[in-house]
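Biologist: I am new to this structure and would like to go through it with you. Could you show it to me, please?
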Number of protein chains: 2
Amino acid sequence: MSRRAEADRNDEAVFLAARDVFADVGADAPMSAIAARAGVGMGSLYRRYPSKVDLMRAVCTTSMERSMAEADRALAEEPDGWSALTRYMRRCVDLRVGSLARLAGMFPATAEMFALAERGQKVIDEITGRAKAEGTLRADVTSADIVLTISEMSALPAGPYRHRWLALVLDGLRAPGAGILPGPAPDWSSVRDRWVYQESPVSRS
Amino acid sequence: MSRRAEADRNDEAVFLAARDVFADVGADAPMSAIAARAGVGMGSLYRRYPSKVDLMRAVCTTSMERSMAEADRALAEEPDGWSALTRYMRRCVDLRVGSLARLAGMFPATAEMFALAERGQKVIDEITGRAKAEGTLRADVTSADIVLTISEMSALPAGPYRHRWLALVLDGLRAPGAGILPGPAPDWSSVRDRWVYQESPVSRS
DNA sequence: AGCGTAGCGGAACAGAACGCTCCGCTCCGC
DNA sequence: GCGGAGCGGAGCGTTCTGTTCCGCTACGCT
């Protein structure tokens, strides 16, 4: 394999490793664990991302972009809101967007990230709004519920159960006359507030 | 307040703090974070538990005992399997048994813990068996599904949404004709194997 | 009232862990 | 045959964390 091809393959391997390790162990995963998972040395890791924070940022923005692309595609290709929603959620679990939740608040977020998040919010609102209008998605959930659900589900350890569990939740999401959900409904601020700009990482207390 | 009363109150404060901090941040939460959360100095923490591993073990065994007591009570007091199951799950979320999942495999488990777990397995089997026999719990879930669900749910960060989310899952658990769940069903070994005895903590890679 | 001590908080220490740098090596492409 | 792009991983300095230790407080007994 050419040097260039190896580099390209390593680019993706590093991204996937970082995403999975962050999703599994959280923001304070050691860089060496990521390098090891990618099957790459520290040198190769640091040539791509000058610092750990850069890596985190890259994982977040790329994950956001990829999941948003899935949302757009689901909206464009699926015949109805429910199938768009389920397809989107399934893809997010595959994409391990739970890494976002594990990384939230652990490094200074950029303005670009907030802009990306805002666009994401719009498209998820669109999907859930459509499914609710159809009457296939229960009326007492919010789009923030959906985002929180996806986060948790894709933060689950790798294994055969993530999709099984998602299916369970989807059945709950569709349940028509099961009584209304208790407690206040989360709104977008519950999601966004995890990311408030900060000079230094939040303490772990 | 008498010295003795203060000590008693600190006992419980330390336990609750450790449970919540472990559930929130995971097994490598600093002891100082636990002391701070309990509103107690390091000295008071270490007088109660000679080492961090002792604390972890105590959190695990006490959580197991308390949750098992809830299971017994639900079984004894509730009129049917479904209400016993929902009550038990709700109480587990309150008890933050998700700390167990975050601690699993991070320290050598004792034989006592395995014995406790075995008893827990029996009573959960009993509850789910009853609910399934009634036809209120969907037939394609296993008791390991239930345990995994409880773990994840009570590992969610504190806040108003844990019970809301549990309600969502419960609706999915009850859904009658929603198609069968994808993938292999987890069994008890998926739960038990997290705890295999080991001389030193598992690496974080 | 005075004192012994149980219980407390937190500074300090030693060692482990981690981010990051650096360097010698490999092997593609000319 | 050679120049250098790209690689792996040992090592450095720092930060973090488990644990100890000590001086202090104030309850309760005499």
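Biologist: Is Glu78(A) buried, partly exposed or exposed?
Modeller: Glu78(A) counts as partly exposed because its relative accessibility is 22%. Buried means under 20% relative accessible area, exposed over 50%, and partly exposed in between, with a 1.4 Å probe and protein chains only. This is a predicted model, in which local features need pLDDT of at least 70, side-chain atom pairs count only at pLDDT 80 or more, and totals for chains, interfaces and linings use all residues. Residues are numbered from 1 along each chain as its sequence is written, chains are lettered from A and ligands numbered from 1 in the order in which they are written, and side-chain values use heavy atoms, with hydrogens and water left out.

Biologist: Which side chain does Glu78(A) meet in a salt bridge?
Modeller: The partner is Arg87(A), at 2.9 Å from N to O. A salt bridge is a side-chain nitrogen of Lys or Arg within 4 Å of a carboxyl oxygen of Asp or Glu.

Biologist: What about Asp24(B) and Arg96(B)?
Modeller: Their side chains also form a salt bridge, 2.5 Å from N to O. Asp24(B) lies in helix H1 (residues 3–25) of chain B and Arg96(B) in the loop between helix H5 (81–95) and helix H6 (98–103) of chain B, so the pair ties together parts that are 72 residues apart in sequence. Helices are DSSP runs (H or I, at least four residues), as are strands (E, at least two), numbered from the N terminus.

Biologist: Which is buried and which partly exposed?
Modeller: Arg96(B) is buried, with a relative accessible area of 3%, whereas Asp24(B) is partly exposed at 30%.

Biologist: How many salt bridges are there over all chains?
Modeller: The whole structure has 36 salt bridges. One of them joins the side chains of Arg66(A) and Glu12(A), at 3.2 Å from N to O. Arg66(A) is in helix H4 (residues 52–77) of chain A and Glu12(A) in helix H1 (residues 3–25) of chain A, so this pair links parts that are 54 residues apart in sequence.

Biologist: Which residues of chain A are linked in a network?
Modeller: Arg19(A), Asp20(A), Asp24(A), Arg37(A) and Arg96(A) are linked in a network of salt bridges.

Biologist: Turning to the two chains, how many salt bridges lie between chain A and chain B?
Modeller: The count is 4. In a salt bridge between the chains, Arg138(B) meets Asp171(A) at 2.6 Å, N to O.

Biologist: Which elements of chain A give two or more residues to that side?
Modeller: They are helix H8 (143–155) and helix H9 (162–174) of chain A. H9(A) provides the largest share, 9 residues. The side of chain A that touches chain B has 22 nonpolar, 7 polar and 10 charged residues. Here Ala, Val, Leu, Ile, Met, Phe, Trp, Tyr, Cys and Pro count as nonpolar, Asp, Glu, Lys and Arg as charged, and the others, Gly among them, as polar.

Biologist: And how many residues does each chain bring to the contact?
Modeller: Chain A brings 39 residues and chain B 38 residues, where contact means heavy atoms within 4.5 Å.

Biologist: Lastly, where does Ser190(A) lie?
Modeller: Ser190(A) is in helix H10 (residues 188–192) of chain A. The side chain of Ser190(A) makes a polar contact of 3.3 Å with that of Tyr161(B). A polar contact is a pair of N or O atoms within 3.5 Å; within protein, one must be able to donate a hydrogen and the other to accept it, and residues adjacent in sequence count only if both atoms are side-chain atoms.
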